[in-house]
Amino acid sequence: MGIKVQVKKKFSGFDLDVDFVSSSSRIGILGRSGCGKTVTLKSIAGIQDIDKGYIKVNGNVFVDSKKRINLKPQQRKVGYLFQNYALFPTMSAAKNIMAGLSGQVEEKRIRAAEMIERFHLKGLEDHLPGQLSGGQQQRVALARIMAYEPEMILLDEPFTALDGFLKDRLQQEMLEMLDEYEGIVILVSHNRDEIYRFSEDLLIMEAGKIVCSGETKEVFRNPGGREAASLTGCKNIVPVKRLHDRLVDIPDWGIKIRSTKVLPAEFSYIGYHAHDFIPVWGENNGNSIPFNLKSTAELPFEQQYFLNAQGMEICWFVQRELIKEIESRGLPRFLKIDPEKIVYLN
């Protein structure tokens, strides 16, 4: 069981060329706007035709261009949740849920009533989408999808238009609502926190291609390339030179880093997370950057420092516990790099 996708599609100025296999039931696709995430999702759903390729889900072949197989969207048993939920504005919540069902009217009503109960929409059956909150609209949209028991659910940036507090709450609600769902769920997003929270397997896309894939936490630990490192939250990415087994030169920062472990054989860049620097108030004892402050940004639970290193900007983000120490001792003289927390990149 699982999903296998090999699709190619030429667009004006853009080529989609996606190839992945996953046995996970919770898959995330992370990438910047315009990288091909939504087109990939629509290709799986059958909303977007492809030039050639192969799509197989839980043993069912959706597309096989060589055998001229191309199931219609309704034959694929896929539920697609759009960014704006795509509810019919002149139909009540109950009628929106019934809209995707086949069968007799009474059968539809019974099924809709089950979904209204399950998704905590009791009392809202007759409300139009415009009379519902964002969370209620999301529940109606999910109820409509789940009513016809799809074998796969595709979530296309479902939280993009929401503010921070509402977004966090609705993410948790959705996770809880999908907790008992045994089918495959694919979430497309450009938000790394959403992806990390939701997915077991992760695909990272750039310019129509998958540049990194694997178990989500492992991809975040070892993204492999610069684009993947940037998308998973690494703020400091810089070109380097491997001098020997335990020494790397960072010309742009004006330092050399000595490692206690043998370095990878090949890499051209390193990444270093903004929270991993170690402040040094005393003398430079190696692997350290002079603290040349460029600017600061104060956030509710974090202080951000931006340093100047030979014209290059370095980000150091400090959380609550360390902020108190800085307030007491003043700014450090150096920031030390922990070699074991360096991410080696191609």
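In which helix is Met-146 found? In this predicted model, Met-146 belongs to helix H4, which covers residues 134-147. The residue is buried, because its relative accessible area of 6% falls under the 20% cut-off. Beyond its neighbours within four places in sequence, Met-146 is in contact with Arg-111, Met-115, Arg-118, Phe-119, Ile-153 and Tyr-181. The C-alpha atom of Met-146 is separated by 21 Å from that of Met-1, a residue 145 places away along the chain. Helix H4 also contains Arg-139, which counts as buried at 13% relative accessibility. When residues up to four places away in sequence are not counted, Arg-139 touches Phe-119, His-120, Leu-121, Glu-173 and Met-177.

The protein chain as a whole contains nine helices and 23 strands. Its C-alpha atoms fill a box of roughly 80 × 50 × 35 Å along the principal axes. Of its 346 residues, 48% count as buried. Among contacts between residues at least 6 apart in sequence, 64% join residues at least 24 apart. The accessible surface comes to about 17900 Å², and carbon and sulfur atoms account for 47% of this area.

Charged side chains were examined next. The chain carries 46 positive and 45 negative side chains, and the centres of these two sets lie 5 Å apart. Side chains of opposite charge can pair when their charged atoms come close. Twelve salt bridges are found in a search of the whole structure. One of them joins Arg-32 to Glu-227, with the closest N and O atoms 2.8 Å apart. Arg-32 lies in the loop between strand S3 (26-31) and helix H1 (37-45), whereas Glu-227 lies in helix H8 (residues 226-231), so this pair ties together parts that are 195 residues apart in sequence. Arg-32 is partly exposed, with a relative accessible area of 40%, while Glu-227 counts as buried at 17%.

A salt bridge is also formed by Lys-37 and Glu-157, whose closest N and O atoms are 3.8 Å apart. Lys-37 is in helix H1 and Glu-157 is in the loop between strand S8 (152-156) and helix H5 (164-177); the pair therefore ties together parts that are 120 residues apart in sequence. Both Lys-37 and Glu-157 are buried. Within helix H9 (residues 320-329), Arg-329 and Glu-325 are four residues apart, about one turn of the helix, and their side chains meet in a salt bridge with an N to O distance of 3.0 Å. Arg-329 is partly exposed at 48%, as is Glu-325 at 32% relative accessibility. On the surface, Lys-8, Lys-52, Lys-66 and Lys-209 gather in a patch of positive charge. Lys-8 is placed in strand S1 (residues 3-11) and counts as partly exposed at 38% relative accessibility.

Backbone angles were also considered. Most residues other than glycine have a negative phi. Lys-77, however, has a positive phi near 55°. This residue lies in the loop between strand S6 (69-70) and strand S7 (78-81) and is partly exposed, with a relative accessible area of 45%. Gln-310 likewise has a positive phi near 55°. Gln-310 is located in the loop between strand S20 (302-309) and strand S21 (312-319), and counts as exposed at 59% relative accessibility.

Definitions and conventions. Residues are numbered from 1 along each chain as its sequence is written. This is a predicted model: local features need pLDDT of at least 70, side-chain atom pairs count only at pLDDT 80 or more; totals for chains, interfaces and linings use all residues. Side-chain values use heavy atoms; hydrogens and water are left out. Helices (H or I, at least four residues) and strands (E, at least two) are DSSP runs, numbered from the N terminus. Buried means under 20% relative accessible area, exposed over 50%, partly exposed in between (1.4 Å probe, protein chains only). Contact means heavy atoms within 4.5 Å. Patches are made of residues with over 30% relative accessible area and no salt bridge: like charges are joined within 9 Å, nonpolar side chains (Val, Leu, Ile, Met, Phe, Trp, Tyr) within 5 Å. Accessible areas come from the Shrake-Rupley method with a 1.4 Å probe; for residues, only the protein chains shown count as cover. A salt bridge is a side-chain nitrogen of Lys or Arg within 4 Å of a carboxyl oxygen of Asp or Glu. Lys and Arg count as positive and Asp and Glu as negative; His and the chain ends are not counted. The place of a charge is taken as NZ of Lys, CZ of Arg, CG of Asp or CD of Glu.
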